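Here is a short report on the fold of one chain.

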Amino acid sequence: MSDIVNYHLTVNGMDYPVNAAQGRNLLSVIRAEVGLTGTKEGCDDCECGACMVLLDGQPVNSCSFLAVQAQGRAITTVEGLQQGDEMHPLQRNILEEGGVQCGFCTPGMLLSATALLERNPSPTEEDVRIGLSGNLCRCTGYAKIVAAVQRTAAELHP
Amino acid sequence: MSFTIATTLDEALQALATGARPVAGGSDLVVGARHGKAPLPEHLVAIDRITELQCIEVTDAGVCIGAGVNHHIIEHHPLLSNAFAGLSDGSALVGSPSTRNVGTLGGNVMNSSPAMDTGSPLMVLGAEAELRSLRGSRRVGMAELWTGPGRHSAEADELCVAIHIATPAPRSNSAYLRLEYRRSMEIAVVGAAAAVTIADDGSVSAVRVALTAVAPTIIEVTGIGLGSVAEVAAAAAAAASEQARPISDVRASDKYRRHTVGVMARRAVEAAARRALGEPVSVPVNRAIGIGAAS
């Protein structure tokens, strides 16, 4: 097909060659071509945040971003949060606080929270709620997720 | 099919001249294509890595905001959020943190939605879009630029490169509010912006009001008389409800929109006046004074 393009993506510090149609979104390329399935497809409409990844450290809905446009930029998915054998403090705290139920929103929540804490190391509860406002969770009622983010902030910046 | 990443404005203009369409954050283009609103263009040029489109230039005469400046920056920029607060109010309400990160002012303006959050603030601030092509450059006021829902008067080879706003008179400021059902990923049910100048005696000496999501484009309200802040706010509310031409859709009935846009207009005038008098009303007004405010 004439619309197949070849390019490279850098995901979690690794280089991946990609052959994919020009119009493919970043979400589908990360899942199907790169092979990392931690990034989820929820609404596929930029509403729910399940597909959140970081692009050069900033949160992006990967369902609504062209994969071909992400070449040359640093993509971080939930698989890139773990530090060696250790879970990222956000991952540990969201588990310990009970902020994971079905788990479908969790990767997106973790990435939005990562970007938030990078920008604002000591967020108020309101700051956390705004920072996570592009991520929907249908199970937890949010309180435990917010608590996990605040606990992480307190641990990292006591 | 082609996709190029432009790193200079010239490269982008060359691509547009040969039929390519620009993509910045893609949040309108990619979602629109998936919804069948418009297929993804065959030839695309990415304009998000062009430094010239990222500048915010402040002079005594006013501010020039590059079309590639994103909403997060406009929300938090110290000068914009003070002197052009209504615009920062609008940017602060766009989408979610991630949308504000990829979504640009130029993209919002050229998508030309009647529900766009930066539209009525730009209208009341008297903003002009700078359109550039290989043929030259021109500036167009917002009322001339927007011609219908998703339609504008720019030619296919013209790129919106910047938005220019003149420095407001002393004791002036602006505000934008919208009615929303959700705090994030929301489209204005209705919205209103006001720009107000306060005279030495405390009365309103100049006012402009524009409305969001109540007509095929952003519209400016005409014929608002001057007087005290309370009088002008009441007059703006009445004129807004009268001049709105809303539709009924999944988000609200025309009747509800006509009523609530008046409420938004009144609150926008009041918030702009408070700011013009030097009272700090934080960005966005929606979170500062009630709609969606933290409890």
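## Contacts and burial

Among contacts in chain B between residues at least 6 apart in sequence, 64% link residues at least 24 apart. Two residues are in contact if their C-beta atoms, placed from the backbone, lie within 7 Å. Buried residues account for 54% of the 295 in chain B. Buried means that 20 or more other C-beta atoms lie within 10 Å of the residue's own, again with C-beta atoms placed from the backbone.

This is a predicted model: local features need pLDDT of at least 70, side-chain atom pairs count only at pLDDT 80 or more, and totals for chains, interfaces and linings use all residues. Residues are numbered from 1 along each chain as its sequence is written, while chains are lettered from A and ligands numbered from 1 in the order in which they are written.

## Overall form

The C-alpha trace of chain B spans about 60 × 45 × 35 Å along its principal axes. Chain B holds twelve helices and 14 strands. These are DSSP runs, numbered from the N terminus: helices are H or I, at least four residues, and strands are E, at least two.

## The five-strand sheet

One open sheet of chain B has five strands in the order S4-S5-S10-S6-S7, paired antiparallel. Strands pair if DSSP finds at least two bridges between them. S4 (56-58) and S7 (136-141) of chain B are the edges; each has a single partner strand, so one side of each lacks a neighbour in the sheet.

S4(B) and S5(B) (residues 62-66) run antiparallel, joined by three bridges. Glu57(B) has Cys64(B) in S5(B) as its bridge partner.

Definitions and conventions: Buried ≥ 20, exposed ≤ 12 C-beta atoms within 10 Å, placed from the backbone.
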